[in-house]
Each structure stands twice: as C-alpha cells, then as structure tokens.
Amino acid sequence: MFEILSSIGLGWSVALVLAVLFVLAYEFINGFHDTANAVATVIYTKAMPANLAVISSALFNFAGVLLGGLGVAYAIVHLLPVDSLLGMDSTQGLLMVFSLLFSAIIWNLGTWYFGIPASSSHTLIGSIMGVGGAFAWIHNEPVLHGINLTKATQIMLSLIISPTLGFVLAGILLLLMKFVWQKHKIHRTPDEQFQINGKRHPPFWARVSLIASAMGVSFAHGSNDGQKGIGLVMLVLICMAPAYFALDMSSQSYDLARTQDANRRIMAIYSRNQAVISDLVDVKAQVNVTDTLLSHCSAQTVLPAMSLLDRRLDKASSFQEMSVAERREVRRLLLCIDDTARKVAKLDLPAKELTSLNKWRKDLTKPTEYAPLWVIVAIATALGCGTLVGWRRIVYTVGEKIGSSGMTYSQGIAAQVTAAASIGIASVTGMPVSTTHILSSAVAGTMVANRSGLQSQTIKQILLAWVLTLPITMLLSALVFILANALWG
C-alpha cells in the first residue's frame, strides 16, 4: 500500500486515504443504523443480553462480508452507465464518490437520530443515481443518460418487492406457528411472560430460534450491505490509482488466456447469430482499426473493441507488463464488451448459446470484478464495529412502535426467519435489498396476522422515509457533485 501512495504523489495519496476513510465511515454508520434491525428482535424479546447480542451480530456481520461474494458490490457500481465509467477521469471519480457518500451519510444520520428505520441501501442507490444524473448534465447530456435505467429498475423492483414479500411471508409463518402450537407460551410478550411466571426470557427452543435467526439476519446483512461498501472502495481505488486497481494485478497468464478465450468465444456467438444481434452489434464494423482509447460504447464500437482487446492480451502474459494507459484501456474494453453481452443475453438466442454466453461473461469480467482481501476485511471491520454502537433507538422502534402492543416471541421468530431467508437469497442472486425495510415489514406482517394492530404514526414515518429517501438523496448528491465540480473540477 505504501508503494501505491508513494507512486501517486502526496496530494492524491491524501485524497485517496480520505476517500477510503469516507467509505469506511459510511459502512460504520450503516452498521449502527441498519444492523440494529438485525438484533432488535432478539434484544427486545430478552433472548440475549443486549451487549452479547450486539457483539455476536458484529461477528456474524464480519463473517457475512468475508464470505458473501461480490455480486451485490458490482450491481451497485453498474448503476452508473458504462459510458459514464468510460468518460470519467480521476478527479471526477473522486468528487463523485465524496458527493454520494456525503449525501448518504447525512440522510442516514438524520433518520437514525429520529429512530426511523430508513434504508441505507435505498439511500446509497439514490445518491449514486443523483451523481450519475449530475455527471450527464455537466457534460450536456440528458440526465437519464447518467443512470443505468435497466439496472436501476431491477434494483428498485427488488426494494419494493422484498418488503412486500417479507410482510406476507412473515404473517403466514406466524399463522402457521399459531396453528401448530396453539395457546403456547411462545405467543406471549416478554411482559406477559413476566406477569405469569416472573421470567422475561422466552422458552428454550424459542430462545434458540430467536438467537439463530438473529445471527442469520446479521450474516445475511453483512453479505448484502457489506458488499455495497466494497463496491464503493473499489470505485475509489480504480478512479484514483488505476495503475494498481483498474485490473486484478494478481491475475496470472492463465487468467489472461481465459479472458482472451472468453472474448473470442463471445465473438463466435455473435458471428453465428448476426440477424438476432444486429441492433446491438454492428457485424459489418471494421475491426482492425487504429488503437485508440475507447470513450464511447455503441453497436459500432463493440467488435473493434473486442478485436483491440484480443491484440492487447496477445502481447502480455500478465497485467503488470502493461503500461498504466493500457491497463485503463483494457478495463474500458472489458466494460464495454460485457455491457453489450449483458444486453445480448436478453435476446431470443438459442438456449445453448445463452448458456454459453453467460458462462463466458463470467470469465470475461473476472479481471475487473474483484476486490483485494484488505478491502473486504476493512469493510467487514467497519460494519462490525458500527454494530457495537447506536442500536438502542432502532430496537425500541422495532419492538414497541410498529405494533399497537409488544412483540411476542413467535412474532420475533417469524419476522427474523423471513428476513434472514429473503436477504440471503438476494445476496446469492446479486440484488441489493434493504435489511431495514424487510425486517420492519416482516414485523408489521406479524402484527397484522396476530391482530395486534399497527401504530399509524410509526408506519407513516417509515413509509414517508421510504418515499422521500430516493428524491432527497438524489437531489442532495447531485447538488454536492455539481458544486464540487464548479470548485475543483
């Protein structure tokens, strides 16, 4: 790391360190803002002492980040269109990251202070869309050109559908539990349990279920939300130190050969399906063009880009043999080629071709969709440490202010099992979701199923935060980015 800092100069070294620290600060805030939801139920139901629950949750969050993969990380990065990533220089990349993180941190702190379970995922996505639109506007392009609408639509749908499913499934699970264990003590609240036998702790198996599901939510939260921080750190490193991070420098000659082979096989797929892909790939484009830096990805540039990538990989056995300009160029070529391949994969190609295309895409993007171990550990540590503070406000809201009465043990189990399963599935499929909204909705679903009623004021606050988060963070991050560009751009 010291070698990297010394090579980019004092000014950029300070900026790089500050940018990474800013991302870690965001993940720390995310820890005590979002992760409080993971332990809210287990603390409220007295299944675990608060300090032990928070420490255990921090450890499971840490493990979730380490083992969660990178699918969600690059889903967040891909909210920005490929052309924005291609046309972004180091200064603009730095300003973009600072602007979106400033917006996300301000909104997260504000909602946490008032005890409102707002979504850090929603906040981050709105901030990224805001700076993307502002980037397009600064370059005299339509604002929507700065947002990957396809990816944004997919993510927004997941943010809408996942809490709805959480509400329904948690309610169904609670009704099933009430049917199987009628008039059982797991359907008591901690206060009711205390009045009957002087104990607040749940029955043994209910306690085990509450603890296990809470740790499951923590692990799933780490595997989903932690990846967002990894994606942001990689965006910072790629923009500010491309010589070291534009491509995975640990790649061996075998890895380059595999990427080159994937590129050639995708070209072969295009050649066999020219009629179907003609709108996305100009099959008549001249491929042996002058070696120029790619600044725009279009149907006319795809095949020339693939040909140029093939020539670049032919000349080197490792990325370390390439110059800084060549590494940045190869990254841009890979981004453009993969973006087109992603669109082609949605066309009506033969099933065998689609299977092969998706397989070769994974080999193609391996040098760009990576993260060094120290980045993963740093994000995991920040998220885990953030879990250790600030949880009390959210625990009170989830436990007592969503329903008109306190939460029963069975409601806590139903809500947490639903949340852990939903977030875990989203992480595996590479879709960012909101731990806050899923768990809050699951708790609300159990309240309705239990006929406990809902506190309208709290529900209104949560819904209002959900509605306002996107436009406010988009506007705030866009304004900060435009102002920063005017001052330093």
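## Overall make-up

The protein's secondary structure comes to 21 helices and zero strands. The model is a predicted one. Of its 489 residues, 57% count as buried.

Helix H14 covers residues 302–314. Its 13 residues reach 18 Å from the first C-alpha to the last, close to the 18 Å expected at 1.5 Å a residue.

Of those 13 residues, 11 are buried, so H14 is largely enclosed by the rest of the structure.

## H12 against H14

The axes of H12 and H14 come within 10 Å and cross at roughly 150°. Angles over 145 degrees count as roughly antiparallel, so H12 is roughly antiparallel to H14. The crossing is left-handed.

On the H12 side, the contact is made by Leu256, Thr259, Gln260, Asn263, Arg264, Ile266, Met267 and Tyr270. H14 brings Val302, Leu303, Met306, Leu309, Asp310, Leu313 and Asp314. These contact residues divide into nine nonpolar, three polar and three charged.

## H12 against H16

H12 spans residues 253–272, and H16 spans residues 351–365. They pack at an angle of about 150°, with their axes 8 Å apart. That makes H12 roughly antiparallel to H16. This crossing is left-handed.

H12 supplies Arg258, Thr259, Asp261, Ala262, Asn263, Arg265, Ile266, Ile269 and Arg272 to the contact. From H16 come Glu353, Ser356, Leu357, Trp360, Arg361, Asp363 and Leu364. What is the make-up of the residues in the contact of H12 with H16? They divide into six nonpolar, three polar and seven charged.

## Helix H19 and its end

Helix H19 runs over residues 409–428. At 1.5 Å a residue, its 20 residues should span 28 Å; the end C-alpha atoms are 29 Å apart, which agrees. H19 is mostly covered, with 15 of its 20 residues buried. Just after H19, Gly430 takes a positive phi of about 80°.

## H8 against H19

The axes of H8 and H19 come within 9 Å and cross at roughly 135°. That makes H8 oblique to H19. The crossing is right-handed.

Gly166, Leu169, Ala170, Leu173, Leu174 and Met177 of H8 take part in the contact. Their partners on H19 are Ser410, Gln411, Ile413, Ala414, Ala415, Val417 and Thr418. The residues of this contact divide into nine nonpolar, four polar and no charged.

## A link across the sequence

Where does Arg188 lie? Arg188 sits in the loop between helix H8 (149–180) and helix H9 (190–197). Is Arg188 buried or partly exposed? With a relative accessible area of 22%, Arg188 is partly exposed, because buried means under 20%.

Arg188 and Gln411 are 223 residues apart in sequence. In space, they are 9.4 Å apart, C-alpha to C-alpha. Gln411 is also one of the H19 residues in the contact with H8.

Terms used. Residues numbered from 1 in each chain as written. Predicted model: local features only at pLDDT ≥ 70, side-chain atom pairs only at ≥ 80, totals over all residues. Heavy atoms only, no water. Axes fitted to C-alpha atoms, helices over the stretch in contact; angles between N-to-C directions. Helix = DSSP H or I, 4+ residues; strand = E, 2+ residues; numbered from the N terminus. Parallel < 35°, antiparallel > 145°, perpendicular 65-115°, else oblique. Left-handed = near helix turned anticlockwise from the far one by under 90°. Contact = heavy atoms within 4.5 Å. Nonpolar A, V, L, I, M, F, W, Y, C, P; charged D, E, K, R; others polar. Expected span 1.5 Å × (residues − 1). Buried < 20%, exposed > 50% of the residue type's maximum accessible area, 1.4 Å probe, protein only.
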